[in-house]
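Visitor: I have not seen this structure before. Could you take me through it with a few questions and answers?

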Amino acid sequence: MNSDQERTNKIGAGRAASAFQRIEGVPPLLLMLYLGLAGIGVLFLMLVVAYMYTRSQSDTPTGIYPLPRFFSLSTIVLLISSYTINQARHLYTRDDLVGLARCLGATLLLSSVFAGLQVLGWRELMAQGVLLDGVASGTFVYLLSALHVAHLLGGMLFLLALLLRTHTAARDAVRSLVFIRNPYRRLQLRMITIYWHFIDVLWVALFAAFLFLY
């Protein structure tokens, strides 16, 4: 009885965890990912602000050339890839490594299609006369799009490595059990999912900026 009262009367008992305590509970790799995403977000924000300033200083009106249709199509493809990788997490919780491998493979394929559509979008810009060494506002479209694709490719490499490990584990019952019970694999899947959603949201924001400023 007294021991229960002593636990209750301890300093801080029953209080919600502080912000620092919650940060301490975050895995170091996940914390590094959050910091990296914050840095990427700041980088793109600065570039978009510079794009807006350059556009405001330019005498060229907006809407002279249509935004490449491949950019619109690639947006749809990337959103679908966000859905497939989100399904991968549900399949992992159900111990379905075969389905998980398929979802990761579909996400990798869709991201490859997205990158290809971006290249076609750049070719469409060139056909319109918007060159990399031309008007500064046009250069920002290439720069922002290319930087986004570069960050996407980084995620694709991580995704490919996880896909190969999943495919290998799915072929053997013992490896499947080890894979499912390994907390590091769960963390890897969580990290790539967070990164992928961030990349998707980032592109949607860039696409919206292009619609208003191009």
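Visitor: How far apart are the end C-alpha atoms of residues 97-120?

Guide: This is a predicted model, and the UniProt annotation "transmembrane region", from an unreviewed entry, includes residues 97-120 among its spans. That span is 100% helix and 0% strand. Its end C-alpha atoms are separated by 35 Å.

Visitor: What is the distance between the end C-alpha atoms over residues 29-53?

Guide: Residues 29-53 are another span that the unreviewed UniProt entry annotates as "transmembrane region". The chain there is 100% helix and 0% strand. From end to end, the C-alpha atoms are 36 Å apart.

Visitor: How many helices are there in the protein?

Guide: Read along the sequence, the pattern is α-α-α-α-α-α-α-α. The protein has zero strands, and its helices number eight.

Visitor: Which residues is L91 in contact with, leaving aside its neighbours within four places in sequence?

Guide: L91 belongs to helix α4, residues 69-93, and is buried because its relative accessibility is 12%. Contact is judged on heavy atoms within 4.5 Å. By that rule the partners of L91 are D96, G99, L100 and C103.

Visitor: Are the rings of Y51 and F140 stacked or edge-to-face?

Guide: The whole structure holds eight aromatic pairs. In the pair of Y51 and F140, the ring centres are 5.7 Å apart and the planes meet at 25°, so the pair is stacked. The pair links Y51 in helix α3 with F140 in helix α6, 89 residues apart. Both Y51 and F140 are buried, and the arrangement of their rings is stacked.

Visitor: What about Y92 and F179: are their rings stacked or edge-to-face?

Guide: The ring centres of Y92 and F179 lie 6.3 Å apart, and the planes are at 65°. Y92 is in helix α4 and F179 in helix α7, so the pair ties together parts 87 residues apart in sequence. Y92 and F179 are both buried. Planes over 60 degrees apart fall in one class, so this pair is edge-to-face.

Methods: Residues numbered from 1 in each chain as written. Predicted model: local features only at pLDDT ≥ 70, side-chain atom pairs only at ≥ 80, totals over all residues. Heavy atoms only, no water. Helix = DSSP H or I, 4+ residues; strand = E, 2+ residues; numbered from the N terminus. Buried < 20%, exposed > 50% of the residue type's maximum accessible area, 1.4 Å probe, protein only. UniProt positions renumbered as here; feature names shortened; annotations may be inferred. Phe/Tyr/Trp six-rings, centres within 6.5 Å; stacked < 30°, edge-to-face > 60°.
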